[in-house]
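Keep the viewer open as you read.

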Amino acid sequence: MQVNMANPIVKFHCSRWGHESVPWNDFVSKVKQHGFAGVEIIALRFPEQKQEMLYALSDSGLDYSFIYTEKKVDNDFKKYLRVMEAQLLEIATTYRAGSRSPSTIIAQIGREYFTPDQVGECFAVCDKVSSETGVPVIQETHRFRWSYAAHVVKNYLEQFPNLKLALDLSHWFCVSESFLEDQQEAIDIAIDHTVHLHARVGHTQGPQVTDPRTPENANALAHHLRYWDQWINNLRSKGVAECTITPEFGPYPYMIHSPADNKPVADLWEVNCWMKEMLSDRYDDNDTA
């Protein structure tokens, strides 16, 4: 089999996060105008927008995926599993744009204090939903979740080698108060399991810098780019033809507001579009080795 040694084609998805007040038809038009190939949406958060969203997406030609997050965890773990399965099935089967299903569900599941056996049961539910619906359910690296730290995820990936990740390094930098310079082995295995990237720049004290374009954040950006380049190179070595990235800078409280006037310190749309263009230029058939 001939291996494609060119960089994979990157398809950028635009996050709906922070733009929920924009009518869906207007949002979709803006997304297409700025060259995004898809939309990434936090599922179930605004159920009153469901039909408007699906109508807009059905006519758009855009790919779309959902982030699933369930924070209402009580002491009844079996109930948690039932709710999670029902909600994942609802997303996979009823959130259809015309004849199209979501391309992916990006799951934030399992609290950081869950036991390994409980986390394994969560994985089994995700696998069951994927098998029954044909919609892949992948795992996001995230604070508050089973995947809150690089060393923890490494152990799970060794135990569950079929897991696929949506990698968000900003959370790990924040949790470890480092750029993971001394955890390269954990980074390597995570990258090898990553099929989607959340391109937000975090730092050692938080999950989002004020503005990735500014000199004071250049060091944090450089650390992210080093690992992102590694991911692109890993995909290229496997002959992967396409991949997806979501520039995922978010609104308050991720986006800091100025105490003087309570306004955001940067424009969310501009920052995410800048990230898209910068990475597009970087990975457009360039050698990132």
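Does Cys 174 count as buried or exposed? With a relative accessibility of 17%, Cys 174 counts as buried, because the cut-off for that label is anything under 20%. Bear in mind as we go that this is a predicted model.

Staying with the cysteines, the structure contains zero disulfides. Cys 122 is in none, and the nearest cysteine sulfur, that of Cys 126, is 7.1 Å away.

Now to the interior. In soluble globular proteins, nonpolar side chains tend to be buried together. Here the largest nonpolar core has 85 residues, and Ile 109, Trp 228 and Leu 279 are those with the most contacts inside it. Apart from that core lies another, of seven residues, including Ile 42, Ile 67, Ile 106 and Ala 166.

Setting aside neighbours within four places in sequence, Trp 228 is in contact with Leu 169, Leu 197, His 198, Ala 199, Arg 200, Val 201, Met 275, Leu 279 and Tyr 283. Next, look at His 224, which sits in helix 8 (residues 218-238). His 224 is buried, with a relative accessible area of 0%. With neighbours within four places again left out, His 224 is in contact with Leu 169, Ser 170, Phe 173, Arg 200, Val 201 and Gly 202.

Helix 5 (residues 150-159) gives another view of the packing. Its buried residues are Ala 150, Val 152, Val 153, Lys 154, Tyr 156 and Leu 157. What do these buried residues of helix 5 pack against? Their partners are helix 4 (116-133), strand 6 (165-167), helix 6 and helix 7.

Let's turn to a pair of helices. Helix 1 (residues 24-33) packs with helix 2 (residues 50-58) at an angle of about 35 degrees, and the two axes are 9 Å apart. The crossing of helix 1 past helix 2 is right-handed. On the helix 1 side, Trp 24, Asn 25 and Val 28 meet Glu 52, Met 53, Ala 56 and Leu 57 of helix 2. The residues of this contact divide into five nonpolar, one polar and one charged.

Finally, some backbone geometry to check. Most residues other than glycine have a negative phi, and most peptide bonds are trans. Where does the model depart from this? Tyr 252 and Pro 253 are joined by a cis peptide bond, with omega about 10 degrees. Pro 253 lies in the loop between strand 8 (242-246) and helix 9 (268-283). Asn 262 is found in the loop between strand 8 and helix 9 too, and has a positive phi of about 60 degrees although it is not a glycine. Leu 180, also not a glycine, has a positive phi of about 65 degrees. Leu 180 lies in the loop between helix 6 (169-176) and helix 7 (184-192).

Notes:
Residues numbered from 1 in each chain as written. Predicted model: local features only at pLDDT ≥ 70, side-chain atom pairs only at ≥ 80, totals over all residues. Heavy atoms only, no water. Disulfide = S-S within 2.5 Å. Buried < 20%, exposed > 50% of the residue type's maximum accessible area, 1.4 Å probe, protein only. Core = buried A, V, L, I, M, F, W, Y, C linked by side-chain atoms within 4.5 Å. Contact = heavy atoms within 4.5 Å. Axes fitted to C-alpha atoms, helices over the stretch in contact; angles between N-to-C directions. Helix = DSSP H or I, 4+ residues; strand = E, 2+ residues; numbered from the N terminus. Left-handed = near helix turned anticlockwise from the far one by under 90°. Nonpolar A, V, L, I, M, F, W, Y, C, P; charged D, E, K, R; others polar.
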